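Morning, everyone. I'll keep this brisk. Please have a look at the model on the screen.

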Amino acid sequence: MKRLAIGLALSGGTAKSVAHIGVLRALEENRIPIDYLAGTSGGAMVAVLYAAGRSTEELEAMAGGIRWGNIAGFTLPRLGLLSSDKIRRFIIDEIGDVEFGDLAIPAAVVASDLTTREKMIFREGKVAIACQASSSIPEFYTPVEIDGHILVDGGITEYVPISALASLGEMFTIGVNLGFEQGSSKKPRHLIEMIVQVTNFIAQQNAVVSERLADFMIHPDLGEFSSLDLNKASRMIRKAYRETLQIIPDLKTAIKVARGAGRGSNASKSSR
């Protein structure tokens, strides 16, 4: 029987996005191959770096050294507090100014188009600027203009990019939602945290729809961390790794059921 293709959709999460590295490691160790990737915001950055051939060890080492100065530049506050140009430069420095067709694993990146009020899915063209657009949280970062379109964070339209992932082909779809929290969110301490919490609130509304489309969902519980905790990357990666290991038996069962049914279509719903 032909092996069932497997796709992984990585949500946004700002600093929490590094936790995707722990998820990837747990899947690797359990021989669950990833044939397709899609990402939103910080998840887009992890997705393209992994798709370009970066190992989880390399990604964790990279995450441990990232600080806000690496991915944000000050700008005069016109359409945002910070410039996202450093995000594009960061991706280029790591994997070159590659195009989607150059990636070892087919990938898609989601951004939100303020011009058309619709989701934009990047599957071709330059990878770095797509990640920059996908990661440009409104008000926090200035928008990115591409071909006359004003683009901001993909989480506004598809926080868990299941539809974007499915656009790449027929597969069993696994979604990872890093913004899922039980109970109330912590009180924001300053403007930046408030902007991030508002964006995440909007994102979780569309994540509910996306999760219904996924064949399997993973929800690492990162509620103890702030979306700005870049200095806690290793702890977030380890926590996501441990929690993903716990649901591997359920995931393998879901994949087996989907394979028996002939395709990956809502075989199982969630790790919770």
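I'll go through the overall figures, then the cores, then some backbone angles.

Ground rules. This is a predicted model, where local features need pLDDT of at least 70 and side-chain atom pairs count only at pLDDT 80 or more, while totals for chains, interfaces and linings use all residues. Residues are numbered from 1 along each chain as its sequence is written, and side-chain values use heavy atoms, with hydrogens and water left out.

Overall figures. The protein chain has 10 helices and 11 strands. Those are DSSP runs, numbered from the N terminus: helices are H or I with at least four residues, strands are E with at least two. Of the 272 residues in the chain, 53% are buried. Buried means under 20% relative accessible area, exposed means over 50%, and partly exposed lies in between (1.4 Å probe, protein chains only). The accessible surface of the chain is about 12,200 Å², and 52% of that belongs to carbon and sulfur atoms. These areas come from the Shrake-Rupley method with a 1.4 Å probe; for residues, only the protein chains shown count as cover.

Now contacts, meaning heavy atoms within 4.5 Å. Take those with a separation of 6 or more: 77% join residues 24 or more positions apart.

On to the cores. A nonpolar core is a set of buried Ala, Val, Leu, Ile, Met, Phe, Trp, Tyr and Cys residues joined through side-chain atoms within 4.5 Å. The largest one has 67 residues. Leu8, Leu37, Ile91, Val127, Phe172 and Leu251 have the most contacts inside it. Helix H10, residues 233–261, gives the most to this core, with 10 residues. Another core, of 15 residues, lies apart from it; Val110, Ile162, Met171 and Ala207 are among its members.

What does Leu251 touch, leaving out residues up to four places away in sequence? Leu27, Ile32, Phe172, Ile174 and Phe216.

Next, helix H5, residues 85–95. Its buried residues are Ile87, Phe90, Ile91, Ile92 and Ile95. Just after H5 comes Gly96, with a positive phi of about 85°.

Ser41 sits at about 55°, and Arg117 at about 65°. Ser41 is in the loop between strand E2 (36–40) and helix H2 (42–51). Arg117 is in the loop between strands E5 (107–113) and E6 (118–122).

Is each one buried or exposed? Ser41 is buried, at 6% relative accessible area. Arg117 counts as exposed, at 77% relative accessibility.

That's it from me.
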